Amino acid sequence: MNRLKYIYWITPLLVLLSCGRMLTDILGGGFLLWLIVAPALLITWGVVWMRLYGMPRMRPEFAILSILPQSIYFICRSSGSEALHQPIWQNFYTLLWIGFAIVMILSMKPGHPTDPQLPASKDRIFVFMAILAALYAFTTMGAYAAQICNISTT
């Protein structure tokens, strides 16, 4: 999958997955939530897997990191789990978000034959998308962790 198609597919999916609080407030934690979230998670995983499959740098199995942190959030919110109240699980959740950011950044590198073959430092699209991926991971991790641990974000 070339990079432009990848960006066009992954951007709306990640925006939908970052609307966790709104989705859980409107739909609750039941069937309606999972009717929207489960396909979005599967499609996100599939799109990242297809991108990584065509790239020699990274194995496609790492695509699971693109949905694991969001999945944990939705599972904790719908089940009312207090797993992330323990420091060890909070650290694990942070490591998952770091892994998410690494996978997203490395998936933006040129790797498809139709992508421009520039060094990463000279590729404007890569630099811009890497910054956006890091910001997305940091802000979404903070918002989701605060919501799971019942910390007021208002």
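Which residues does Met 104 touch, not counting residues up to four places away in sequence? Select Met 104: with that exclusion, its contacts (heavy atoms within 4.5 Å) are Tyr 6, Ile 10, Leu 14, Val 48, Ser 66 and Ala 133.

The model is predicted, so local features need pLDDT of at least 70 and side-chain atom pairs count only at pLDDT 80 or more, while totals for chains, interfaces and linings use all residues. Residues are numbered from 1 along each chain as its sequence is written, and side-chain values use heavy atoms, with hydrogens and water left out.

Next, display the largest nonpolar core, which has 41 residues. Such a core is a set of buried Ala, Val, Leu, Ile, Met, Phe, Trp, Tyr and Cys residues joined through side-chain atoms within 4.5 Å; buried means under 20% relative accessible area, exposed over 50%, and partly exposed in between (1.4 Å probe, protein chains only). Ile 10, Val 48, Phe 74, Trp 97 and Met 104 have the most contacts inside this core. At least two of its residues come from each of α1 (3-17), α3 (31-53), α4, α5 (87-107) and α6 (124-148), and α6 gives the most, with 9 residues. Helices are DSSP runs (H or I, at least four residues), numbered from the N terminus.

Move to Gln 70 in helix α4 (residues 68-79). Gln 70 is buried, at a relative accessible area of 0%. Leaving out residues up to four places away in sequence, Gln 70 touches Leu 14, Leu 17, Leu 41, Trp 97, Phe 100, Tyr 136 and Tyr 144.

Finally, select the cysteines. The count of disulfides (pairs of cysteine sulfur atoms within 2.5 Å) is 0. For Cys 19, the nearest cysteine sulfur belongs to Cys 76 and is 19 Å away. Cys 19 is partly exposed at 24% relative accessibility, whereas Cys 76 is buried at 9%.
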